[in-house]
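Please open the model in your viewer and keep the selection tool at hand.

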Amino acid sequence: MTRQTRTTLTRRGFGTLIAASAATLATPGLLRANTNGRLLVVGGGFGGASAARFARINYPDVSVTLVEPQTSFVTCPYGNLILGGRKQLSDITHSYDGLRARGVQVIHDRAQEIDAEGHRVTLAGGDVLDYDKLILSPGIALRWNAIEGYDEAASEVFPHAWWGGDGSQITTLRAQLEALPEGGVVGMAIPDNPFRCPPGPYERISMIAHHLKQANPTAKILAFDSKDGFAKQGLFQDAWEELYGDMIEWIPASQDGRIMRVDTENKLFVSEFGEEHHVDLGNVIPPQYAAGIARDAGLANDSGWVPVNPRSFEAEAARDIHVIGDANVGAPMPKSGYIANSTAKTAVTAALAEISGRPAWDDPVYFNTCYSHAGEDYGISVAAIFRPTDDGFEATPDSGGVSPSGPLSEMSRNRRLEARYADAWYASITDDMFS
Ligand SMILES: Cc1cc2nc3c(=O)[nH]c(=O)nc-3n(C[C@H](O)[C@H](O)[C@H](O)COP(=O)(O)OP(=O)(O)OC[C@H]3O[C@@H](n4cnc5c(N)ncnc54)[C@H](O)[C@@H]3O)c2cc1C
């Protein structure tokens, strides 16, 4: 397959696709496709699925191919609600059929190598895809052994549940919670910044406490933190006190909260100052960096994250590769699904400007709201608007803020409404990715 044909096809899969396209000629999206440029999207999560859908709708003449190993997508958002007993795995699992119906060519394989110079990507299965523009949204990788003893095998015993994958990490953690002995200790190890979803660990603490309050009220949660402060801290701590009494103990870095070693056999967390803590259940969220495909392609800097042009998300290290979602250096923007979705649209617009002849947005704005559930009908949020600067991103002053604080007796309506807004956010963003 040559690039001159301006289609995105696998070299090995060409014959198969001819046969397939004959069967799908009635799909208007496919009839319009493949005429003007090839957009390849690697990673079918919050950034990638949003980008593929947005491109297909707004640039019908551009062919869009999405590469994603999982045949359905399990979201991290709302995964904590499974721990709280409020959602099932099926509630947070999404099919790629909607994208296919729009004319996105979805290939379930893993991108193994990027040839930035030659504009092609080799898949684990051996196929090679040519592209004009590449959107890369592969998410995070966990830094195995950054906490001594915490490797992939250890994560089967002390789950991280910090990526969706096939859903097995979150369901294992839920099963372990159900099996926790009466009055048992749940230990959590929480990383320093930057990491995926700054409020996520604290929503998780809340949802675990929500479950334990009913099922095992004498159990304890020890939350060992590698930092001294966290997102929505006052709001979370008020909620914990109001809803869960003294069930939760948060241990900041300055009080020896940094976990340096874990021992899954003896069920131990070992802190910076050598203190050993026995836990009946361990949830270890290790330090993170950009997923392997981005680092292996030489796109990341020493931090392990990918520096990008803040207006186009084009990687500083390679032309025509736009890196969105958690994998890039986006600070002070949080590594959130909302930001991945919001920035996906700017990246697509910038990537396709040349091909489509339509201008990129010269003054892009990135939105974020992170909702968290702290209990039943108890939602809190943080919101902000970000803009590009000459060398990065900045939060627009007074553009957002956190939910109002105050005793639950005065705040119950607000908390109930925010829980409902959170549900509406989840429904609308997953529609904007997969429908
Ligand atoms: C517990 C928890 C709760 C959260 N709650 C919220 C929330 O309430 N709101 C919010 O906005 N955000 C939330 N987040 C954060 C959100 O999940 C991430 O910020 C978001 O998923 C980032 O999108 P992404 O596209 O970068 O990565 P992902 O959504 O993880 O997608 C990456 C995809 O790339 C695929 N991939 C990886 N490598 C390759 C490869 N080599 N080839 C092909 N495909 C590949 C993966 O299989 C994956 O499907 C939460 C996170 C966690 C852990």
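The stops below say what to select and what is to be found there.

**The whole chain.** Begin with everything displayed and coloured by confidence, bearing in mind that this is a predicted model, in which the chain averages a pLDDT of 92 and 92% of the residues score at least 70. In cartoon view the secondary structure comes to 12 helices and 23 strands. The radius of gyration is 22 Å, close to the 22 Å that the globule rule gives for 435 residues, so the chain is as compact as a globular protein of that length. Turned along its principal axes, the C-alpha trace spans about 65 × 45 × 40 Å. Of the 435 residues, 54% count as buried, and among contacts between residues at least 6 apart in sequence, 67% join residues at least 24 apart.

**Residues 1-34.** Select this stretch next, where pLDDT stays under 50 and for which the model has 57 contacts beyond four places in sequence. Where pLDDT is low, the predicted coordinates should not be read in detail.

**An open sheet.** Now select strands S11, S12, S13 and S17, which form an open sheet of 4 strands in the order S13-S12-S11-S17, with parallel pairing. Its edges are strand S13 (248-251) and strand S17 (281-284), each of which pairs on one side only, and the twist averages 15 degrees from one strand to the next. Zooming in on strand S12 (residues 220-225), one finds that S12 and S13 pair in the parallel sense over 4 bridges; Ile221 has Ile248 in S13 as its bridge partner.

**Arg53.** Finally, go to helix H3 (residues 46-58) and show the side chain of Arg53. Is Arg53 buried or exposed? Its relative accessibility is 12%, under the 20% cut-off, and therefore Arg53 counts as buried. Leaving aside neighbours within four places in sequence, Arg53 is in contact with Leu99 and Arg102, and also with Asp431, Asp432, Met433, Phe434 and Ser435. To see one of these contacts in detail, select the backbone oxygen of Asp431, which lies 3.4 Å from a polar atom of the Arg53 side chain.

Definitions and conventions
Residues numbered from 1 in each chain as written. Predicted model: local features only at pLDDT ≥ 70, side-chain atom pairs only at ≥ 80, totals over all residues. Heavy atoms only, no water. pLDDT = per-residue confidence, 0-100. Contact = heavy atoms within 4.5 Å. Pairing = 2+ DSSP bridges. Helix = DSSP H or I, 4+ residues; strand = E, 2+ residues; numbered from the N terminus. Axes fitted to C-alpha atoms, helices over the stretch in contact; angles between N-to-C directions. Buried < 20%, exposed > 50% of the residue type's maximum accessible area, 1.4 Å probe, protein only. Polar contact = N/O pair within 3.5 Å; in protein donor to acceptor, adjacent residues only side chain to side chain. Rg over C-alpha atoms; globule rule 2.2 N^0.38 Å.
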